[in-house]
Structure formats: structure tokens, C-alpha cells
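Here's a walk through a two-chain model, one feature at a time. Have the structure open as you read.

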Amino acid sequence: MNRADKIGYGVSGALHAGVILWAVVGGSWFQPKPSEPTVISQVAVMSEQDFNTMMASAPKDAPQPKPDQQAPTAPATPDATTPPETPAPDAQATSEPTPKALPDPAPQPDTQPDVSALTEPPAPTDVAEAPPVMAPPVEVPSETLAPVISPRPKPKDVPRVAPEAAPAPPPEAKVSEQAEPQETPDAEAKPDQVVEKPKEAAAPPEATTEIVTEATKTDDKPESSAPLSSPRPANKPKPPAPAPAKTETAAAKPAAPTAPARTDNSAVNDALAAALGGEGTGGNGQAAVGPPITAGEKDALIVDVKQCWNVGALSSDALRTTVTLSVNMRPDGHPDIGSIKLVGSSGGTGAAVDQAFEAGKRAIVRCGADGFPLPADKYERWKTIEIDFNPDKMRMK
Amino acid sequence: MMRFVLAMLVALFAGSFGALAQDQEPLHITITDGVIEPLPFAIAGFIPETPDAADVAAQLTQVVSSDLSGTGLFREIPKSAYIQNIAKFDTPVNYSDWQAINAQALVVGSVAMSGGKVVVKFRLFDVFSGQQMGEGQQLAASPGSWRRLAHKVSDVIYSRITGEGPYFDSRVVFVSESGPKNARQKRLAVMDYDGANVTYLTDASTIVLAPRFSRDGTRVLYTTFETGFPRIKMLDVATASARLLPDVPGTMTFAPRFSPDGKKVVYSLEQNGNTDLWMMDIASGQTQRLTTSPSIETSPSFSPDGSRIVFESDRSGTQQLYIMSTGGGDATRISFGDGRYSTPVWSPRGDMIAFTKQNSGRFHIGVMRTDGSEERLLTSSFLDEGPTWSPNGRVIMFTRETPGAQGEAALYSVDISGRNLKKVPTPGPASDPAWSPLLP
């Protein structure tokens, strides 16, 4: 009997066994649920004559429900013609203004009717002691939130006539009868004075108002390292199936000359190594290294580094070069200066990369002298930092 | 089977443990904004090692400081702030003392008189990295050339820190002006890039215009009116001797410029009211007409490799910039902005073209890519014109003239970033600067 026949017999036997098993125990396990009993209502058939007789004996007008019986329904929308009833102020509230009635009356003027005609408006200087004319909140539909003009407070009485006379205005300037010679800056200004004018001699104002790149730069919004969207939570760990399967496969083929049988220890080691060397599929690791660095913490680091990244002395070639520096951090937030290294660059070669690297290194060293603002409890997250120094926005074009 | 079950259990436990044990990915941030400010540096002084070198040492220190600070890229920290006193050239640098005053670069040097020469030694240190930048250097020159020696030292420091090519040890030829505006006298003069050591090359007997250095800096082409009409003259800088280049009678020649190899001259020739570009072989005098347009073509300038020429032409109705092959032929217009473009000059690095632009009643010095893209105006004034590039292509010098009857021309320089616009000191009014190559 060959292997295919064995498989065939095996499958056939399994299927038959399954059918027999279902026939024996399936009847009790898979009994259909009894359907709910049907409710049967007894009805009687009425002839048309009986119906007409019944209708003729019915009263003409049905009694209308009383108005107070409609109260439980939604209150009518108050409008200008039919203002809703305002409940009378509570006697206790009138005598004792409570903090609950005075604070933030903002939503209440919209919901209460205009009571200015019925009550005296409070004095503007004595708001705290004003009587609580505010009615309790009235449940009204949202469409009644139209602004209602609050009563204008009366202004304080002030003396309309000043107690002292105002000083006399200065006399008007007289027009000179003799015309003064008009100044001609071009003719009288000395050359040195002209060129020494800050507007003429200062480079940045002239340059910045005309250079297109700088004008464009002003339109740029400051870049933030904050993520555009919140990160998705880590996936549920997957069972590390591949490693045991590989071990099982290897163990199941002892005859293979290139795959000698492994001991228990080697199989375990394989599984352990596979798990340790995985790409984090076995867990998110947050328990040991703390929560991830937040966008705010990243931004704080960026702000701290960029204020020391001086590109003013870089060559135009170096300003076209992006370098990536790696630095190992100490737990106290200080960089390990000796660990700063170049891990990548783009846009430049040779001397330009060196210059860009030196400028980046200088930034890390200078601003790292006082330690970077990094959360100590997340040290595992930032014990190594890679920084891209990208002068795209700084370079001269 | 037992092994399988055991491995499964181990994997299940190790799966979560493994992620904890593995190394975290580095925290990655990107810095796109920095600061643009002069880099603070300190010169611990060029220490005189011999008694007779004290004066030179002091002067040399002052020139080096002026060179570096004058770029606008560096700021010298005053000596009163220094903590460490370096009394000898070999004194070890205490970096923390220099870090404390935020010095990012430190120069330590010495000067000695030896064998009738000034000998300068210097080292450059990166303070925050705590290491020396490059190797120390030693230069020697005659006492009369101590300024060039100082410029050489500055060039080394500047290049090591910025990565740019040097340019301090260079000269500028220009037209020195004097007298009232309606009777202005003009003569050729040459000076150090910083305005020192002015030497006059011609007298004031005739008007001269638009001098241009040869690539090796030994000769100067300029336009003279000594015959009553503009003609091109070539002057030997060392001997101040000059000769007129051959021309065709009844024509005017002007706006000359050397080819990069110095063997040819491209210039404008006006004949019968039409101005075109011509090329002349200096040795043989043979000429070649490059353009045949009925419009005015002038202000030609070679690309550094000598393969192309940029020039101005009004063939489109207004002055615009065009590029064509050195052999002539079709030209490609590269300027398309508002206003008129003139006096284009190709950068020594070959990547940009400086020009004069007139628009809305103002003159500007600007730069653009050789394809006309990325045009940027660096200055704006009543009258700015005639840009010339520094040998490293980082700085542009030009003429700025003030308005009015008593307005004067002066030389200004500006970094190609648009920063550090400043007046170049000259003995009097000056115009038409042309920067020499770096001196040997």
C-alpha cells in the first residue's frame, strides 16, 4: 500500500467515523431549538349590517382631552406672541442669593423670557448683591437659543460740567510770509551720510525684502515633529508558531543527512533565539521601557538641539547636505560625546559632508552640555538618538 | 512530542520576553530649522617668538581677525573674555576654558623672524569637539608681504571651518574716480580685496572703463577712450605696460573679457550702428563674429570651462540674458523676470550667474542658476551695477552710486546669501570692480 492509499483510507475512515459519531451523539447535541409557541388570538367575524348598527349607536363627538392632560408632552415653543410662563421666583432664592444662581448666566438669558418689564434691572456696580431675578432654568427646545437682548444697565451719574476750566489751547501756527528754501536731500546730503543710512547699508533688510527664498520662507509654517495621526496600538502578540514547527520538522526527519537530530536543549534554544530575534511580534515591550516618547517630548528635544545648530558658517555645498548623526545618551540626559558618529548623508560628498557633520556634532555637544530635556523614566527609549540635520529650509539656493 | 510541546511553551513565554530584551530602536528626530549667526571664534594671539617679530605679530593678528570677522560668518570673542592665557605656541589647550566663553574655534599661532623672512605657525582647534582641525601649518614670506601672509592664514582657517574655497589672498582692479560728476577723472587701480595696498595702473589723462582680470591675474583688459572712441587695451599688471588690441577702423570695441585659458578675448564690436559679439585670438589677432543679430549684444562672460558664453541682448525688445556656445550660434534666453537684465557674470564655480537688474526704478544685484531658475535679488538701491565674483564664488562685489549731483560711486560687497552687505574701503570714489583669481 503506497502513501497515497494510506492517506485515502485515513481520510475515508475519519469521515465515516465522523458521520457515525454524529449519528450517535449528534441527535442530542444538535437538536434544533424549539420554536416559540405561536400566540393565537380569537377573533369573531362581524357582518356589515352589524357594523353599521354599531356605528349608528356610537356618540357623534368624542370628548376632547383636557388641556392639563397635554402637559406631559413637549412644551410649546415660546415665541414673541406667546411667551411661556415664567415660574415665580422662589421666595427663598429671593432672600438668599446662592452661588448657584449667580455664576455664569450665559446660557440662561437665552432661555428665559425678557423680564425687564417686570423687574427692576440691577445696578451695574452691585452685581454680586443683585437679586436673583434669574429664573430657574426652563426646559426649552434648542431652537429657542436665539439671543435675547439683555437690559442695558443704567450708567452712573457723573457730573457733566468739569469742576475746573480746561487750559487754553496753544495758539495756531502762523504762516510765514517768506518761503523757506526746499531741502533737496540729493543735493545736500553728503555721500558718506547717504551710504551710512541704516536702510542703505544694512544688508538684511534689503536682502530679505527682495530675496524670493526668504519671502517664501516666511510663508512656511514651522515644522512640528508631532505625528499627523495618533499611532495605532500595537497588535496582539502572535503565537510564535514558526519556531516550534521548524524544530518539529527537523526532528521528524532524522534520516536527513544534513539535518541531524537535535537535542531538547537545541530545540529550546532555537525557539528562544527565534523569539528573541523577532521583530517584536511577541509583545510591545512597553512594560520594561515605559511608555513611548510623546510628541511633546520629541518637540522639546528638537527645540533644544536646533537652537545650537548654527549653519551660518557652512558652505553652500554643505547647506545642500543632509547628515544623520547617532549619539548614545547617558541616563542623566547628557550625550556621550565620543559616541557621536555619522550614520548617513545625502546631497553632498566629501568636504560638504564633513562640514555638515561637524555642524551637527557641534549642536549636540553645545546644547547637550546642560543635558537634553528627556524623561528619565523612558531612558530605554532614548538611550540612542539619531538626528537628521536637514538644511533644506536654511540653505541658499 | 515532548520536545515539541516544550519548545512551544518556551516560545510562548519567550515571545513576550524577547521583545523586552531586544534593543530599542533609536529615537529618531529631524532638525530642519537651525540658526544663522556668526560663529564665535577666538585668536589666542600670534605669539612673537623673537623680539623683532612683535609688531608683525600684532598686525598679523589684527588682519586675520578682520578677514574672518569681515565675512559676516565669524564673530571674534574679545580678548578680555579669555580665561586661559596661552603664552607659548605649544601650550596645551584647555578646552573647557574656551567652551566656557562659547568659543567654537580657536586659533593659536606664533610669528618669528628667521633668515630675513616672517615665519608664521598656527593651529586651529574645534573647541567643542576638543580636537585640532587639520594639521598645523607654517608659512614664510618677506617682511613686506606680511599682509599676504595674514590673508593666507585667514584663508586656511576660513576654508577649514566653512568648507568654502579661500578668497582673502586676492586683489581687485577697479576704476578710481575723482573730480566733479560732469568732469570725472578715471584711472585704473588695483588693491587687496579689503581695500589695502592701492596701486594706480593708469593716469587720469583718459577715461577708462570696465577692467577685467585674466584667469592667472597677470593681465588686465579694459576699455579706453584715448583715441576718442572706445577701444580695448591689455595691461600687464607687473610692469603696468599696456597695448591696444587690433581693431577694424571705424568701429568701436568695448566690454572685453578673457577666455579661461587667457588666449582669447570676447568683446562687443559696434559697426554701422549694430553691436555684436566677437572673439579675438590674442596671439594672432584673428577675429570671429559670434552673433549676427541686428540687436545690441554685449557684456559677454565665459563659463569657467570656456564652453559657453552668457551675454545680454535686447533682441526680445528689452535687455535680457542669453547663453550660447563659445563658437556662436543659437542662444538660449535665461532671464524672464520683470525688468531689464544686464552685465551677467558667470560664477567661478560655474553654478550661478550674477547680474544687474533694473526694475521699477530700482537697481538690483542678483544671482540665478545658469538655466535662469532660482533668481534671487541680493541688493536694492538707486544704482547698483557691475557685479564681480570672489575667487571662491561666495562673495559679490559691485558698484553702488548715490543719487544727486554730488552722488558718488563706491564699491560694495555682499555674500551670495544676501547677508553682510558692506562698503569696501577705497581712497575715493570707485567703480567697475573686477576680482582677481586667488594669488599664487
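Tyr322(B) stands opposite Arg333(B), a residue of strand S22(B). S22 (residues 331-333) of chain B pairs with S21(B) in the antiparallel sense, over three bridges; strands here are DSSP runs of E with at least two residues, helices are runs of H or I with at least four, and both are numbered from the N terminus. Two strands count as paired once DSSP finds at least two bridges between them. S21(B) and S22(B) make a hairpin with five residues between them, and Gly328(B) in the turn has a positive phi of about 95°.

On to the other partner of S21(B): strand S20 (residues 308-313) of chain B runs antiparallel to S21(B), and six bridges join them. One of the pairs is Ser313(B) with Gln320(B). This is a hairpin too, with six residues between the strands and a turn in which Gly317(B) has a positive phi of about 115°. Buried means 20 or more other C-beta atoms within 10 Å of a residue's own, exposed means 12 or fewer, and partly exposed is anything in between, with C-beta atoms placed from the backbone.

A word on where all this comes from: it's a predicted model, in which local features need pLDDT of at least 70 and side-chain atom pairs count only at pLDDT 80 or more, while totals for chains, interfaces and linings use all residues. Residues are numbered from 1 along each chain as its sequence is written, while chains are lettered from A and ligands numbered from 1 in the order in which they are written.

## A four-stranded sheet

Next, look at the open sheet in chain B with the strand order S15-S16-S17-S18 and antiparallel pairing. S15 and S18 (287-289) are at the edges, each with a single partner strand, so one side of each has no neighbour in the sheet. From one strand to the next, the twist averages 30° (axes are lines fitted to C-alpha atoms, for helices over the stretch in contact, and angles run from 0 to 180 degrees between N-to-C directions).

S15(B) and strand S16 (residues 264-271) of chain B are antiparallel, with five bridges. Among the facing residues, Thr253(B) stands opposite Leu269(B), and Phe258(B) has Val265(B) as its bridge partner. The two strands form a hairpin with five residues between them, where Gly262(B) in the turn has a positive phi of about 75°. Is S15(B) mostly covered or mostly uncovered? Mostly covered: six of its seven residues are buried.

Most residues other than glycine have a negative phi. Ala255(B) isn't a glycine, yet has a positive phi of about 50°. Ala255(B) belongs to strand S15 (residues 252-258) of chain B and counts as buried, with 25 C-beta neighbours inside 10 Å.

Asp432(B) is another non-glycine residue with a positive phi, near 50°. You'll find Asp432(B) in strand S31 (residues 430-435) of chain B, and Asp432(B) is buried, with 25 other C-beta atoms within 10 Å.

## The core

The largest nonpolar core has 139 residues, and Leu60(B), Leu106(B) and Ile396(B) have the most contacts inside it. Domain 1 (39-162) and domain 2 (171-435) of chain B both contribute residues, so this core lies between them. Such a core is a set of buried Ala, Val, Leu, Ile, Met, Phe, Trp, Tyr and Cys residues joined through C-beta atoms within 7 Å; the domain bounds come from an automatic or database domain assignment.

Leaving out residues up to four places away in sequence, Ile396(B) touches several others, including Ala354(B), Ile365(B), Leu378(B), Trp389(B) and Val414(B). Contact here means C-beta atoms, placed from the backbone, within 7 Å.

## The chains overall

Chain B has four helices and 31 strands, and 49% of its 440 residues are buried. Chain A has 15 helices and three strands, with 17% of its 397 residues buried.

In chain A, helix H14 (residues 351-368) is mostly covered, with 14 of its 18 residues buried. At 1.5 Å a residue, H14(A) should span 26 Å, and its end C-alpha atoms are 25 Å apart, which agrees; the expected span is 1.5 Å times one less than the number of residues.

Note on methods. Two residues are in contact if their C-beta atoms, placed from the backbone, lie within 7 Å.
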